[in-house]
Amino acid sequence: MSRAAVQQVVDDLETESEQLDALVSDLDDTGWATPTPAEGWTIAHQVAHLAWTDEVAALAATDAERFTALLTEALQNNPETYVDDAAEAGAGVPADELLSRWRAARARLAAVLRAVPDGVRIPWFGPPMSAASMATARLMETWAHGLDVADALGITVLPTDRLRHIAHIGVRTRDFAYIVNGKTPPAEQFRVELTAPSGEVWTWGPDDATNIVRGPALDFCLLVTQRRARADLSLELIGDDALEWSSIAQCFAGPPGSGREPRGA
């Protein structure tokens with residue numbers, strides 16, 4: 001990816017973060033304690049998770065040795081709970097302190113990612129990533145956790161074409177979703193055809209694929225981030241493999257997610 005393209009992804013990450021910031025910046029203590037659709041997580045937990053992950057991503061991009069030590073400690077001491085533990089600790093501080101921490105963390109991460117030399121891979125909890133991939137992953141998480149916050153507040157956030165970054169991760173992580181669920185990925189690639197909020201059509205995969213995923217880009221992103229149940233989405237799934245994948249789709253790292261119950265359930 002060109003340097004200009006990396007800068008664009010980082011710009012979009014900053015814009016996505018600012019959109020979420022606007023939702024939480026005026027909340028009082030009661031607002032920060034509002035439960036979100038993620039079980040056991042309040043709005044404070046959501047922001048604390050983003051702050052911690054942005055801090056760790058910046059560390060990984062600037063000090064691989066310290067990051068490796070942190071990763072080793074987490075996997076040795078609390079491999080199943082270190083993410084939740086970090087969110088719990090962050091959610092326990094005063095709201096203004098937490099918000100300032102997140103703002104500082106995301107500003108540092110943006111600066112760090114813009115400065116990563118071409119070709120450098122950043123270590124992470126999964127495979128090492130380029131600066132562009134790291135920025136895209138952070139944008140995906142910011143959007144997904146921001147959606148949890150918006151849902152908690154009863155606010156509908158209009159989708160934008162920044163969803164293309166998230167959709168791309170959703171396509172790229174197809175095989176990961178199979179592997180993390182103990183399944184063998186199909187040999188044939190899928191055809192993915194998504195309609196962007198702007199009306200543009202985004203496509204991935206061969207024209208003659210027998211397994212096709214088609215529909216609104218927003219719905220695809222909601223599926224791969226497990227923010228809505230498949231039954232609540234307007235996605236056309238053609239082929240047995242596409243249908244199976246839709247039940248395990250996951251673009252975020254870690255063990256298989258539990259997903260969300262259908263809203264009509």
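Let's start inside: Leu 13, Glu 14, Ser 17, Asp 54, Arg 106, Leu 109 and Ala 110 form the lining of the largest cavity. The elements that give two or more residues to that lining are α1 and α6 (95-115). Sort the lining residues by class and you get 3 nonpolar, 1 polar and 3 charged. Keep in mind as you look around that this is a predicted model.

How much space lies in the largest cavity? About 30 Å³. The structure holds 1 cavity of 30 Å³ or more. And how does anyone spot a gap like this? Rolling a probe the size of a water molecule over the atoms shows where empty space is left.

One of the cavity's lining residues, Asp 54, also turns up in the next stop on our tour, where helix α3 (residues 43-62) meets α7. The axes of these two helices come within 9 Å and cross at roughly 170°. Angles over 145 degrees count as roughly antiparallel, so α3 is roughly antiparallel to α7. On the α3 side, the residues in contact are Ile 43, Gln 46, His 49, Leu 50, Thr 53, Asp 54 and Ala 57. Across from them, α7 brings Met 134, Arg 138, Glu 141, Thr 142, His 145, Asp 148, Val 149, Ala 152 and Leu 153. By class, this contact has 7 nonpolar, 5 polar and 4 charged residues.

Stay with α7 for a moment and find Ala 131, which is part of this helix. Is Ala 131 buried or exposed? Its relative accessible area is 7%, and anything under 20% counts as buried, so Ala 131 is buried. Which residues does Ala 131 touch, leaving out those up to four places away in sequence? They are Val 6, Leu 113, Val 116, Val 120 and Ile 122.

The elements giving two or more residues to the lining are α1 (3-24), α7 (131-153), α8 (163-172) and α10 (217-224). By class, the pocket lining has 13 nonpolar, 5 polar and 4 charged residues.

How values were computed. Residues numbered from 1 in each chain as written. Predicted model: local features only at pLDDT ≥ 70, side-chain atom pairs only at ≥ 80, totals over all residues. Heavy atoms only, no water. Helix = DSSP H or I, 4+ residues; strand = E, 2+ residues; numbered from the N terminus. Nonpolar A, V, L, I, M, F, W, Y, C, P; charged D, E, K, R; others polar. Buried < 20%, exposed > 50% of the residue type's maximum accessible area, 1.4 Å probe, protein only. Contact = heavy atoms within 4.5 Å. Axes fitted to C-alpha atoms, helices over the stretch in contact; angles between N-to-C directions. Parallel < 35°, antiparallel > 145°, perpendicular 65-115°, else oblique. 1 Å grid on protein atoms, 1.4 Å probe; cavity = no way out; pocket = protein on both sides within 12 Å on 5 of 7 lines; lining within 4 Å. Points joined across faces, edges and corners; volume = space filled by probe spheres on them.
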